[in-house]
Amino acid sequence: MKPAGYLDQRNPCIKLLAVVLAALSLTFIFDPVTPAVLFVITLAAGRFLGGLSLRSQIKPLWIFVIAGVAILLANIFFNKENATSPAILSLGAVKVTGPALWAAGTLWLRLMSFALFSLVFVKTTEPQHLILSLIHQLHLNYRVAYGTLVGYRMLPTLQSDYQTIRAAHRVRGVREAQGLLHIWSRFRRYAVPLLTGAVRRAGRVALAMDARAFGALPGRTYRERIVVRRSDWVFLAAVVAALAVVVAGLWMIGITRFTIE
Amino acid sequence: MTMKTEAVAMLRRAGRTIGRGFSVLPGVVARRLGLTFKDWTTRELVVAAVLSVAVGVIFWGWGLLWSSAFQAIPFPFSYALVGVWMMGGLLVPYIIRRPGAALMGELVAAFVSMALGNQWGILTMASGLVQGVGAEVVFGGFRWKRFTGIALYGAAALAGGFSILLDIFVYSYYAAYSWGSIGLGAILCIVGSIILGGMLSQLLGEALARTGVLSGLAISKGKVKRI
């Protein structure tokens, strides 16, 4: 268990609000530099405030480089500005235009930033704390919240069930049919036993919860109460200020754009 | 000095009021709409949660395929495959058949697929919200009395429609593509949602009901044969 960093100690709902605000502001920005700067700032925040190594932040994002290449290709071939813009680079019949590169870079870096924001959020937030915070701060119905937490807790069980089913199929010599036409039959062969097992287990858990009078009373007591401290508001203000400084600063030196063009 | 402290106190009071307003608002809206989860039994709640989490894993796997293999499909046509992401708001209400099931199923599934790590991060929750609301609105339009046939496919269609509307805005499609191709994407998205979201949910729900494991839940009423 790593020591709780600054980000780990922040109120989950406030942290979520900060992430939403950062992501929302990015959707109004149409240049690749601003999301790149926010990406680097988030990396640094994850490293120094959340105690996450750079490796653990970058590695899960590797697969999305493929998506970046695809976005680039899509824009080179289909961007509607291509017909009217001069080519920066010509590869035979294909011309690469400035607007295509610009749009691809914007979209890809926007996606990478979204992915990193939520990665840092998920890695610095305990699911139990998030659920408790949703109950205490957003007044989510506690039956729904705890029910959901129980479901979430079964995620590792689902994984081990999957391996069991796979092994059971293997030992009985079930052949894995390849190809597109067999996707449904393969899906069904795993999904049905997997979900059946999960539903059975859910039924047993629910019985145990009922036996403990879960949900019998409108309110309940908590061993741990998640509160919003002044430091959480300071954190939120700091995030908003950082966003404003980055966007305004880059806008003043002529980098940040709020329109397409 | 006193002015300053008074101003600080006023600001603090204002902040507290706004904060409280925001935190109470979702509950008030939910109560108004009748989404109080009062009729739900504990078993229905936990089964819904587990199903949502399982659908979340499907979402995540589909997202990995999307970020790799499906990138070979260019923009408007790729939207034919988005429908799978409507399943949370369709499979769960199809099985549980209670107010709020669509919203809960889609939101929890979206959260799980985000937490497992996908390309869209926090935006997954926004998609989950609009898709869940889209499905819930249609089921709510039927007073939560009908969850099959036209209600299920209508919910799938509206969830798909809301989904691409959000994407057009969030990913600035209007900036990069012509409205013609965006329109084609919307049609493909809605049709794909009906087939990959609605029909797949129905097939999977019925396959599960046939095993008998859902006995006692709404989907199995009058269906379970005892020997």
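**Exercise 1. Describe helix 1 of chain A in this predicted model, from its span to its surroundings.**

Step 1: length. Helix 1 of chain A is built of 15 residues and reaches 21 Å from its first C-alpha to its last, which is close to the 21 Å expected at 1.5 Å a residue.

Step 2: burial. The buried residues in helix 1 of chain A are P12(A), C13(A), I14(A), K15(A), L16(A), A18(A), V19(A), A22(A), A23(A) and L26(A).

Step 3: partners. Within chain A, these buried residues pack against helix 2 (33–48), helix 5, helix 6 (127–136) and helix 10 (230–252), and the packing also involves helix 6 (123–141) of chain B.

**Exercise 2. Determine how many residues of each chain take part in the contact between chain A and chain B, and which helices of chain A contribute.**

Step 1: extent. On the side of chain A there are 57 residues in contact with 47 residues of chain B.

Step 2: contributing helices. At least two residues of the side of chain A that touches chain B are supplied by each of helix 1 (12–26), helix 4 (64–78), helix 5 (98–123), helix 7 (142–153), helix 8 (155–171) and helix 9 (183–211) of chain A. The largest share, 15 residues, comes from helix 9 of chain A.

Step 3: composition. The residues of the side of chain A that touches chain B divide into 39 nonpolar, 13 polar and five charged.

**Exercise 3. Locate V227(A) and decide whether this residue is buried or exposed.**

Step 1: position. V227(A) lies in the loop between helix 9 and helix 10 of chain A.

Step 2: neighbour count. V227(A) has 9 other C-beta atoms within 10 Å, and a residue counts as exposed if there are 12 or fewer, so V227(A) is exposed.

Step 3: a distance across the chain. V227(A) and L26(A) are 201 residues apart along the chain, and their C-alpha atoms are separated by 29 Å.

**Exercise 4. Summarise the overall build of chain B.**

Step 1: secondary structure. Chain B has nine helices and zero strands, and along the sequence its pattern reads α-α-α-α-α-α-α-α-α.

Step 2: dimensions and burial. Taken along the principal axes, the C-alpha atoms of chain B fill a box of roughly 80 × 50 × 30 Å, while 50% of the 227 residues of chain B count as buried.

Step 3: contacts. Of the contacts in chain B with a separation of 6 or more, 74% are accounted for by residues 24 or more positions apart.

**Exercise 5. Characterise the packing of helix 2 of chain B with helix 5 of chain B.**

Step 1: geometry. Helix 2 (residues 42–67) and helix 5 (residues 101–115) of chain B pack at an angle of about 50°, with their axes 7 Å apart. The two helices are therefore oblique to each other, and helix 2 of chain B passes helix 5 of chain B in a right-handed crossing.

Step 2: residues. Among those making the contact are L51(B), F59(B) and W60(B) of helix 2 of chain B, and M104(B), V108(B) and F111(B) of helix 5 of chain B. The residues of this contact divide into 15 nonpolar, five polar and no charged.

**Exercise 6. Explain why helix 4 of chain B is described as largely enclosed.**

Step 1: burial. Nine of the nine residues of helix 4 (residues 88–96) of chain B are buried, so this helix is largely enclosed by the rest of the structure. The buried residues include L90(B), P93(B) and Y94(B).

Step 2: cover. What covers the buried residues of helix 4 of chain B includes helix 2, helix 5, helix 6, helix 7 (149–170) and helix 9 (179–210) of chain B.

Step 3: Just after helix 4 of chain B, R97(B) takes a positive phi of about 55°.

Notes. Residues numbered from 1 in each chain as written. Chains lettered and ligands numbered in written order. Predicted model: local features only at pLDDT ≥ 70, side-chain atom pairs only at ≥ 80, totals over all residues. Contact = placed C-beta atoms within 7 Å. Helix = DSSP H or I, 4+ residues; strand = E, 2+ residues; numbered from the N terminus. Nonpolar A, V, L, I, M, F, W, Y, C, P; charged D, E, K, R; others polar. Expected span 1.5 Å × (residues − 1). Buried ≥ 20, exposed ≤ 12 C-beta atoms within 10 Å, placed from the backbone. Axes fitted to C-alpha atoms, helices over the stretch in contact; angles between N-to-C directions. Parallel < 35°, antiparallel > 145°, perpendicular 65-115°, else oblique. Left-handed = near helix turned anticlockwise from the far one by under 90°.
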